[in-house]
Amino acid sequence: FVLKNLILKYKEVIMYLVFGVLTTVVNIVVYYVAADCLKINYLIANIAAWFLSVLFAYVTNRKYVFESKSDHILKEMISFFSARLATGALDMGFMYVTVNFQILPDFIAKIVANIFVIIANYVLSKLFIFKKDGE
């Protein structure tokens, strides 16, 4: 009973984490198939993996995490992709500064950057992209 209440109370966050893991799997699988199986250049494979994983994230976040009922799907999608581009730039900038100036080792910097990116993506999605009427 207590567990059920906790799950219901934090359903949105739990769903966000579940689909975040699945989004990461999509990204890795698409990259692997494109780069290793299809022998596509690694940068192009990475762009394809990013695009398809963000598209997957948009669909799952819209339907299962934030349960959006908005009729403005194109606007919502553009906002989602724009936010992901912005947090991707945040990731790159953080990595550049912390690694180039030897503030953190690259692997630690990547973990810290990802924590910031995950939080920023959730906040942007919750407050701006999938905002429910009246919020």
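Tutor: Begin with the surface: the largest share of the nonpolar patch, 5 residues, comes from α2. Keep in mind throughout that this is a predicted model.

Student: Which residues form the nonpolar patch on the surface?

Tutor: The patch is made of F1, V2, L3, L6, I7, Y10, V13, I14, L17, V18 and L22, and together they have about 1,100 Å² of accessible area.

Student: Take L3. Where is its place, and is L3 buried or exposed?

Tutor: L3 sits in helix α1. L3 counts as exposed because its relative accessible area is 59%, and the cut-off for exposed is over 50%.

Student: What is the general idea behind the spacing of residues on a helix?

Tutor: An α-helix has 3.6 residues a turn, so residues three or four places apart point the same way. Now the case here: the buried residues of α5 are A109, A113, V117, N121, Y122, S125 and I129. Read that list with the spacing in mind.

Student: What covers the buried residues of α5?

Tutor: The cover includes α2, α3 and α4.

Student: How many helices and strands does the chain have?

Tutor: There are 5 helices and 0 strands. Read from the N terminus, the order is α-α-α-α-α. The C-alpha trace spans about 45 × 35 × 30 Å along its principal axes.

Student: What share of the residues is buried, and what share of the contacts is between residues 24 or more positions apart?

Tutor: Of the 135 residues in the chain, 26% are buried. For contacts, take those with a separation of 6 or more: residues 24 or more positions apart account for 59% of them. As for the surface, the chain exposes about 9,400 Å², and carbon and sulfur atoms supply 73% of that area.

Student: Let us turn to charges. How do I read a salt bridge?

Tutor: Side chains of opposite charge can pair when their charged atoms come close. A search of the whole structure finds 4 salt bridges here. One of them joins the side chains of E12 and K126, at 3.1 Å from N to O. This pair links distant parts of the chain, with E12 in helix α2 (residues 11-37) and K126 in helix α5 (residues 106-129), 114 residues apart.

Student: Are E12 and K126 buried or partly exposed?

Tutor: E12 counts as buried because its relative accessibility is 19%, and the limit for buried is under 20%. K126 is partly exposed, with a relative accessible area of 25%.

Student: Which residue meets R62 in a salt bridge?

Tutor: The partner is E76, and the side chains meet at 2.4 Å, N to O. E76 lies in helix α4 (residues 73-100) and R62 in helix α3 (residues 42-65), so the pair ties together parts that are 14 residues apart in sequence. E76 and R62 are both buried.

Student: Which residue forms a salt bridge with K110?

Tutor: That is D91, and the closest N and O atoms are 2.7 Å apart. Here, too, the pair links distant parts of the chain: K110 is in helix α5 and D91 in helix α4, 19 residues apart. K110 is partly exposed at a relative accessible area of 34%, whereas D91, at 12% relative accessibility, counts as buried.

Technical notes:
Residues are numbered from 1 along each chain as its sequence is written. This is a predicted model: local features need pLDDT of at least 70, side-chain atom pairs count only at pLDDT 80 or more; totals for chains, interfaces and linings use all residues. Side-chain values use heavy atoms; hydrogens and water are left out. Helices (H or I, at least four residues) and strands (E, at least two) are DSSP runs, numbered from the N terminus. Buried means under 20% relative accessible area, exposed over 50%, partly exposed in between (1.4 Å probe, protein chains only). Contact means heavy atoms within 4.5 Å. Accessible areas come from the Shrake-Rupley method with a 1.4 Å probe; for residues, only the protein chains shown count as cover. Patches are made of residues with over 30% relative accessible area and no salt bridge: like charges are joined within 9 Å, nonpolar side chains (Val, Leu, Ile, Met, Phe, Trp, Tyr) within 5 Å.
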